[in-house]
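Here are my notes on the model, point by point. Please read them with the structure open.

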Amino acid sequence: MFDLARIRNDFPHLQRSLEGSPVVYLDSANTSQKPTAVIEAMKHFTEHSYAPINRSAYRMAAAATDAYENARTLIANFINAGSPDEVVFTKNATESLNLFAQGWSRQRLQQGDVVVLTHMEHHANIVPWQMMAAERGIEIRWIPLTDDGQLDLSDLDNIIDGASVVSFTAMSNVLGTMNPVREIVDRSHAAGATVMVDACQSVPHAVTDVQAMGADLIAFSGHKMLGPSGIGVLWGRPDILDQLPPLMGGGNMIDDVRLDTFSCAPVPAKFEAGTPPIIEAIGLGAAVEYLSSIGMAEIRQHEMELTQYALDTLTERFGSDIVIHGPRNIEERGGVLSFAFRDLHPHDVSQILDEKNVCVRAGHHCAKPLMRIIEAHATVRASLYLYNDTNDVDILADALTSADDIFGL
Amino acid sequence: MPGLEDLYREIILDHYRNPRNRGELETPPAISVDGHNPLCGDEITLYVLVEDGVVSEIKTNGQGCSISQSSASMMTQAIRGRTLAEAEALIHHFKHMMSIEDHHHDEPGEAPALGDLEALQGVVKFPVRIKCAVLAWNTLSQALESA
């Protein structure tokens, strides 16, 4: 059962008050708050079990290795991976995307090969490919948007014709749009492309089944899904990960090293050079256990209801004074609400909201090409998660009203 | 937390609503420099015409929040008609007020009067907004270097 009161109680940071008022945290698309279960798991591991992994022979080291690998298994189960070996620990989704973009481009792509991205990508799924375009002479093509902030798939077959790679986001961090992942994956595969999905915004908020998605690789970050910062995941099909070269060389990633050469360890160790974020992996393992105990379908349901409430409330209270980007249909979007409020600059709106302890992001959300396309230099973004409630939305709306007092509109 | 009235002083809102010296200048003879705040996307294009060592004309274009826009507007008023040395001194003085530069960087001599710009003093209490306030000034520094 989805017990919101109990869930809110699980997050110590949300229990705090600042100058007598509660904290209204609406910036989870940026990074999420952490439940006690995650904080305690990391603390307990640090106090009782911390030791090197994959190196030393004593029992404590073996137990730490088991705990690290157990976290990998928990995450594999959480996304329905075929095997824990398909789960590569990285620093964050950005590293996961770079690992694939740089490795695959250098290994497989030649001058004139085509990589297809979309206009709604985060910089993390644009810049690595631009770097490779400059280095390898790759051509980048773009899937455009419709007026209501969805991917415009009307010309998709032409765009992906002859493409080597299609890499796109499952959910926009600006518009909230949830893309038809399976359809795009299938059509891209039919065109002969390898498909990467940036699932950084979707994995924390909805059921993820990599087998049902059908993609070749997906990337996501731990810190957006109740886990700590400093850990992310690259999931890949075994044959793809076998072909993908490592990005970093060092300890742990080798099978053998001689003065003139080296050979790689098997996947996933091949991609995990150096001492990995051990405590963070334990924390992410605890996070997916916590999320599973509530149920990702239940979390999605809660966020759909709350997003609908937020859309209705903001529209009813402010009418044409507020312009909310992205799809209106709740089935096609997540709880990311980017908006323009009157003619106020998002920084000023954010400042006014901060006065009421309402935490939102103001800016370009690391998606400047998208911002140019929707003709917004910046937006205010309120993003919802499992621990938010209708009261948070009401406080947001009340705080927006106080802009009148300052700017006298 | 300091009150918003420290930040949004009436004179700041006035410059935000009615920016002074907005527009463009012909280049050349004027020079133009773009400045932007990568954190938030605020953008400014500054046009500066320097004649005989004096900033004879200055205009701004771009978009941004009330703090960055009002700071740019007030800056154009304060800088127009100043010698390059006076302009440099003003830049240092303003950055000092924003607590991002120590006084010892100042040119010797009396600190120039900031006038309306004093209203931006409250920004210091909101550290995230200091970048907004100094955007136009950093852009001016760049422009004067190339002048």
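**Notes on the model**

1. Thr60(B) first. Outside the four places either side in sequence, Thr60(B) is in contact with Asn21(B), Arg22(B), Gly23(B), Ile44(B), Thr45(B), Leu46(B), Ala72(B) and Thr76(B); contact means heavy atoms within 4.5 Å. Thr60(B) sits in strand 3 (residues 54-63) of chain B. Helices (H or I, at least four residues) and strands (E, at least two) are DSSP runs, numbered from the N terminus. Thr60(B) has a relative accessible area of 5%, so it counts as buried. The classes are buried under 20% relative accessible area, exposed over 50% and partly exposed in between, with a 1.4 Å probe and protein chains only.

2. Ground rules. This is a predicted model, in which local features need pLDDT of at least 70 and side-chain atom pairs count only at pLDDT 80 or more, while totals for chains, interfaces and linings use all residues. Residues are numbered from 1 along each chain as its sequence is written, chains are lettered from A and ligands numbered from 1 in the order in which they are written, and side-chain values use heavy atoms, with hydrogens and water left out.

3. Domains. Chain A is divided into domain 1 (4-30 + 295-407) and domain 2 (40-293). These bounds come from an automatic or database domain assignment. The domain centres, taken over C-alpha atoms, are separated by 28 Å. Across the boundary, 36 residues of domain 1 of chain A are in contact with 33 residues of domain 2 of chain A.

4. Largest core. A nonpolar core is a set of buried Ala, Val, Leu, Ile, Met, Phe, Trp, Tyr and Cys residues joined through side-chain atoms within 4.5 Å. The largest one has 72 residues, and Val197(A), Ile218(A), Met225(A), Leu226(A), Leu386(A) and Tyr387(A) have the most contacts inside it. Helix 11 (residues 278-294) of chain A supplies the largest share of this core, 10 residues. Domain 1 and domain 2 of chain A each give this core at least three residues.

5. Second core. A separate core of 71 residues includes Phe339(A) and Leu396(A), along with Ile67(B) and Leu114(B).

6. Largest pocket. Its volume is about 510 Å³. On a 1 Å grid over the protein atoms alone, a pocket is an open set of points where a 1.4 Å probe fits, with protein on both sides within 12 Å along at least five of seven lines; lining residues have an atom within 4 Å of a point. Grid points are joined across faces, edges and corners, and the volume is the space filled by probe spheres set on the points. Of the 21 lining residues, His347(A), Ser350(A), Val360(A), Ala362(A) and Val128(B) are the closest to the centre. Helix 13 of chain A gives the most to this lining, with four residues.

7. Second largest pocket. The volume here is about 350 Å³. It is lined by 25 residues, with Thr94(A), His122(A), Cys200(A), His223(A) and Lys224(A) nearest its centre. Helix 5 (residues 93-108) of chain A provides the largest share of the lining, three residues. Domain 1 and domain 2 of chain A each contribute at least three residues to this lining.

8. An exposed glycine. Gly82(A) lies in the loop between helix 4 (59-78) and strand 4 (87-90) of chain A. Its relative accessibility is 57%, so Gly82(A) counts as exposed. Gly82(A) and Pro238(A) are 156 residues apart in sequence and 9.0 Å apart in space, C-alpha to C-alpha.
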